[in-house]
Structure formats: structure tokens, C-alpha cells
Amino acid sequence: MAEQGINRRQLLAIGGLSLGLPLIPTEAHAATSAADRARRSGASWENIIEKSSFSSKSAFDQAWNYLYPWDSYTDTHNGAARMHAGQVSLAQGVLTLTATRLAAPDGNSPQPPNAPLWYRSGAVHAKKQILVNDQFPEYDIEGEFRTQTGQGIWPAFWTTGIWPTWPPESDILEYVGDSTNLFNTWNKNDGGGDALVEREPISGHNPDAWHKYRVWMSKDGNDVLLDYYFDGVWKATHRGVGWAGVPQWLIINLQMGSWASGLEPGDPGWDQQPGPAGNTYFRARNVWMGRTRAW
């Protein structure tokens, strides 16, 4: 869910190879995970968001806020949906975000690419920020999700730098108009132009069944290493360059249209923002965030 469109972005690498970052071998990664579990069994581990945060409205209010966390335009972003708290619901430990197609657009998004707002949808963000540094060198973020996918549907579970700092961004779950999940890590392009993305696509599954998505962040000098997991299986290690000490938000949202429509501004059909009629649903449960504390 970065500031610029998927098809305008510069793809840096898949799997980190062009960055010169070695993929972690299976054996080494298993050893790292064992050491990680040993660390977390100690007193230095603390939960920031409990898996029960969707169990009741009071539990939700302790951990989450409605809408996006931006200082302004909290109800819009880079898609064709305006966010409303009324599109967010809780039942039996499940958070549901509902996107509803309108009879006519509710103006245009003030944020690029300024898509016509054909949808009313929902977004929430964690009250606690993420800050990987010497005091909090590791963060573990995960959740179980199910979502409809297809043209115009753009759900995401992601982190982003505190506005207006972008990148960093980590997309833990992102479906952009199809059924392929994108594990994305966004870094600044020191040469100027669009940000650079390291990407690991995951396909061959049904997103409208429950699946677990996870990122484990760990400080590595001035950088942050990001291990991505799908259904408990490690898929990729990316590097967030210069991310250490940069605060981030954690967001769950159901955006619609825009780049997920398969169109760019000026294309035929852009004004209509093609996508599903009626309601579209994105559901979450057992969302959890924890961190290690060095002192």
C-alpha cells in the first residue's frame, strides 16, 4: 500500500539476490528460529497487541484506532475508497472490513493518483508504533486473514513510516487486483525517482480461506532484516535499509480500485473504477504484535 502505484514502481529484486543479500539456507534459518524461540521464552519478551484484541469492543479500543493514522486525510489514501468507522465490525473474535460500492463517486481522493471514490470501506491502525532500535531489537507481527480478491480489490496488512516519512514500508499481506499475495519491502532510492521494492510473490492458494501472514523484524546495524512467513513457512528475508530508529505504523485496510483496477489515470474506464458491485469483505483474527526489550 505504498504512496505510488504498483505498476509505476521500480522492482528491485525478488529474494534479495540483486542486492547482494544471501537468502538464508533452510538449516541456518531453522537454527535462527530456534534461537529466536529461546530468546522469547525469557523475561525480555513483551506483547504489544494481544491475539484477543478483536474479542470485544473494549479490547479493540485498547489496541486499535479507526481509519488511517495520517495527520490529515485520515479517511483516504491512494485508492478509490473513503474509509468510515461504520465499515468496521467485530464478531466472535473476527474483525471484518466491508467495502461497499456506491451509486456515484464521493468526489476524488486528494492523494495521488486521485482516484474517484466509488467505495466506502474500512481501515484500522495500531495505537502502539513499531520502533526497531537497540532497546527493542526485534518485533514479531502476525495475523490470520481471509479476503475476497479480484479486479479492484486491494486489502493489506502492512507497516509504514510515520507520515510523511515513506519508505519504510513492509507489506505483510497485499493483494492488488488478483490472488497473489505480495511480501514487499520498500526502500528509498538514493538515485532519486520511485522507491525500490524487494518482492516475494506467493500464489497457488485461496485467499478467501484463513491463512497466517507474519513478518519478524530484527535490527542489523542501521538496517532491519525482515523474515516473511506464510502459513508458518518462511518465504523470504528482505533488508530495510536505514530503518533502525525509524517509527512505523501497523495498518489493516481494505482499499479498492486505483492500481487494483488494472488501470492508470487517463485510461478508458478509470473514471468508473471497475470492481465488484455490492459488498466486499476482508477479515482478520488472532492479530498479534510483540517485541524484545534489551533493557
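## Close-up views

**View 1. Arg146 is partly exposed, with a relative accessible area of 26%.** Buried means under 20% relative accessible area, exposed over 50% and partly exposed in between (1.4 Å probe, protein chains only). The model is predicted: local features need pLDDT of at least 70, side-chain atom pairs count only at pLDDT 80 or more, and totals for chains, interfaces and linings use all residues. Residues are numbered from 1 along each chain as its sequence is written, and side-chain values use heavy atoms, with hydrogens and water left out.

**View 2. Arg146 pairs with Asp208 in a salt bridge.** Here a side-chain nitrogen of Lys or Arg lies within 4 Å of a carboxyl oxygen of Asp or Glu. The closest N and O atoms of Asp208 and Arg146 are 3.5 Å apart. The pair links distant parts of the chain, 62 residues apart. Arg146 sits in strand S9 (residues 138-147). Asp208 sits in the loop between strand S13 (196-202) and strand S14 (211-220). Helices (H or I, at least four residues) and strands (E, at least two) are DSSP runs, numbered from the N terminus. Asp208 is partly exposed, and its relative accessible area is 31%.

**View 3. Glu46 meets Arg291 in a salt bridge.** The N to O distance between these side chains is 2.6 Å. Arg291 belongs to strand S18 (residues 279-292), Glu46 to strand S2 (residues 45-49). Glu46 is partly exposed, at 22%.

**View 4. Glu46 also forms a salt bridge with Arg293.** The closest N and O atoms of this pair are 3.3 Å apart. Arg293 is partly exposed, with a relative accessible area of 32%. Glu46, Arg291 and Arg293 are linked in a network of salt bridges. The whole structure holds 12 salt bridges.

**View 5. Val197 is buried in strand S13.** Its relative accessible area is 0%.

**View 6. The largest nonpolar core has 57 residues.** Such a core is a set of buried Ala, Val, Leu, Ile, Met, Phe, Trp, Tyr and Cys residues joined through side-chain atoms within 4.5 Å. Trp64, Leu250 and Ile252 have the most contacts inside the core. Strand S17 (residues 248-256) gives the most to it, with 6 residues. Another core, of 5 residues, lies apart. Its members include Trp154, Val176, Leu182 and Trp259.

View 7. Contact means heavy atoms within 4.5 Å.

**View 8. The whole chain has 2 helices and 18 strands.** Of its 295 residues, 52% count as buried. Residues 24 or more positions apart account for 70% of the contacts with a separation of 6 or more.
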